Amino acid sequence: MRNIPTITKNLLIINILCYLATVVVTTTGTDLNNAFGLHYWQATNFSLYQLVTYMFMHGSLAHLFFNMFALWMFGGIIERTFGQNRFLIYYLVCGLGAALCQELSQTVYVYSMIAPQGASWYDLFHLGTADRMTLNSLTTVGASGSIYGLLLAFGMMYPEERLFVFPLPIPIKAKWFVCFYVLIELWSAMSQSNDNVAHVAHLGGMLFGYFLIKAWRNKSYNGWDGYEIKESKSSNILEKIRNWFRVEQPEYKDSFKKKEEEPVSKHSDDWQYNAEKKKKETELDRILDKIRRSGYSSLTDEEKKKLFEQSKFNR
């Protein structure tokens, strides 16, 4: 746990504690998922805070495990890339985007249920209390929207990084891995399968994550160069704000960092400079060879001067 970045570690702990609390409180007859899970916006149990709290609730141990495994696997990398504050904002925005897309999806679903009865879109916004109570069954829980956003971020930040995905026998590049998941979620969402999985929420998390990364890259006061946002001089207040949202280079794996070009000497293309340098090196070799054969005392005053100047230059 000591090697996991701060925000990722705290998110893991919060999600696990929320699940344990759900299990414990269930024994008293109280369902925390019903209280903090995301209800359909017209349901009687809907509250605005659920747009945030739902992403920390999970329906089963398996649901929790797979989400937390993905958070551990990709969260640390993205946090080290974005920095703590920006990573937390990204995580929450993806979760919020997933919630909004899920609410929109459920709105279309509810309308499709009442449309055959001759109802219009106007009637959808004037449901009775009984119908609103029935809609309480439409509840969404889980961090999957944020997790899919992290998956997208990894694919965008490190598109050429290779991943081993079971049961594939060969590694697959991150960009193709993300594309594969997008296609799977699109197909699942359009097939209207009753698997109790919020596929639209997954796509929503990725969609909002994509636009947020594009927005950060296109900031007028920041130039995006690979994985790093260039710094520029500004007032102290603006500098603090920019530092708070600074994207940091990952420190744990050199292969993720962009290789800096080695400085090129301004004389590298100067034939005369190179020829002079070669001449001095040859003269120094001759003097050192003379010292080995006859000793330092055999050197002339001119040779001693050249040796002193050369040793001073190389110091």
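# Report on a predicted protein chain

Buried residues account for 36% of the 315 residues in the protein chain. The model is a predicted one. Its secondary structure amounts to 13 helices and six strands. The protein chain exposes about 20,000 Å², and carbon and sulfur atoms supply 61% of that area. When contacts between residues at least 6 apart in sequence are taken, 65% of them join residues at least 24 apart.

## Helix H8

Helix H8 covers residues 144-157. Is helix H8 enclosed by the rest of the structure or open to the outside? Of its 14 residues, 14 are buried, so H8 is largely enclosed by the rest of the structure.

## Gly-76 in helix H4

Gly-76 has its place in helix H4, which runs over residues 61-82. Its relative accessibility is 6%, and because buried means under 20%, Gly-76 counts as buried. Which residues does Gly-76 touch, not counting those up to four places away in sequence? They are Pro-5, Thr-8 and Leu-71. Gly-76 can also be placed relative to Leu-150, which is 74 residues away along the chain: the C-alpha atoms of the two are separated by 9.9 Å.

## Two loop residues

Trp-41 is found in the loop between strand S1 (38-39) and helix H3 (50-53). Its relative accessible area is 32%, so Trp-41 is partly exposed. Trp-41 also belongs to a nonpolar patch on the surface, formed together with Leu-104, Val-108, Trp-121 and Phe-125. The accessible area of these residues together is about 520 Å².

Asn-136 lies in another loop, the one between helix H7 (129-134) and strand S2 (139-140). At 14% relative accessibility, Asn-136 counts as buried. Leaving aside neighbours within four places in sequence, Asn-136 is in contact with His-39, Ala-43, Thr-44 and Asn-45.

## Salt bridges

Side chains of opposite charge can pair when their charged atoms come close. How many salt bridges does the structure hold? The structure holds three salt bridges, and the table lists the side chains that meet in them.

| Side chains | Distance, N to O |
|---|---|
| Lys-173 and Glu-160 | 2.8 Å |
| Lys-175 and Glu-160 | 2.9 Å |
| Arg-286 and Glu-283 | 2.8 Å |

The side chains of Lys-173 and Glu-160 meet in a salt bridge. Lys-173 lies in strand S4 (residues 172-173) and Glu-160 in the loop between H8 and strand S3 (162-163), so this pair ties together parts that are 13 residues apart in sequence. Lys-173 is partly exposed, with a relative accessible area of 22%. Glu-160 is also partly exposed, with a relative accessible area of 43%.

Glu-160 meets Lys-175 in a salt bridge as well. This pair links distant parts of the chain, with Lys-175 in helix H9 (residues 174-191) and Glu-160 in the loop between H8 and S3, 15 residues apart. Lys-175 has a relative accessibility of 27% and counts as partly exposed.

An α-helix has 3.6 residues a turn, so residues three or four places apart point the same way. Arg-286 counts as partly exposed at 35% relative accessibility, and Glu-283 is partly exposed with a relative accessible area of 24%. Elsewhere, salt bridges that share partners join Glu-160, Lys-173 and Lys-175 into one network.

## Cysteines

A disulfide is a covalent bond between the sulfur atoms of two cysteines. With a cut-off of 2.5 Å between cysteine sulfur atoms, the count of disulfides comes to zero. Are Cys-18 and Cys-94 buried or partly exposed? Cys-18 has a relative accessibility of 21% and counts as partly exposed, whereas Cys-94, at 0%, counts as buried.

Conventions:
Residues numbered from 1 in each chain as written. Predicted model: local features only at pLDDT ≥ 70, side-chain atom pairs only at ≥ 80, totals over all residues. Heavy atoms only, no water. Helix = DSSP H or I, 4+ residues; strand = E, 2+ residues; numbered from the N terminus. Expected span 1.5 Å × (residues − 1). Buried < 20%, exposed > 50% of the residue type's maximum accessible area, 1.4 Å probe, protein only. Patch = residues over 30% accessible without salt bridge, like charges linked within 9 Å, V, L, I, M, F, W, Y side chains within 5 Å. Areas by Shrake-Rupley, 256 points an atom, 1.4 Å probe, with all protein chains shown as cover. Salt bridge = Lys/Arg side-chain N within 4 Å of Asp/Glu carboxyl O. Contact = heavy atoms within 4.5 Å.
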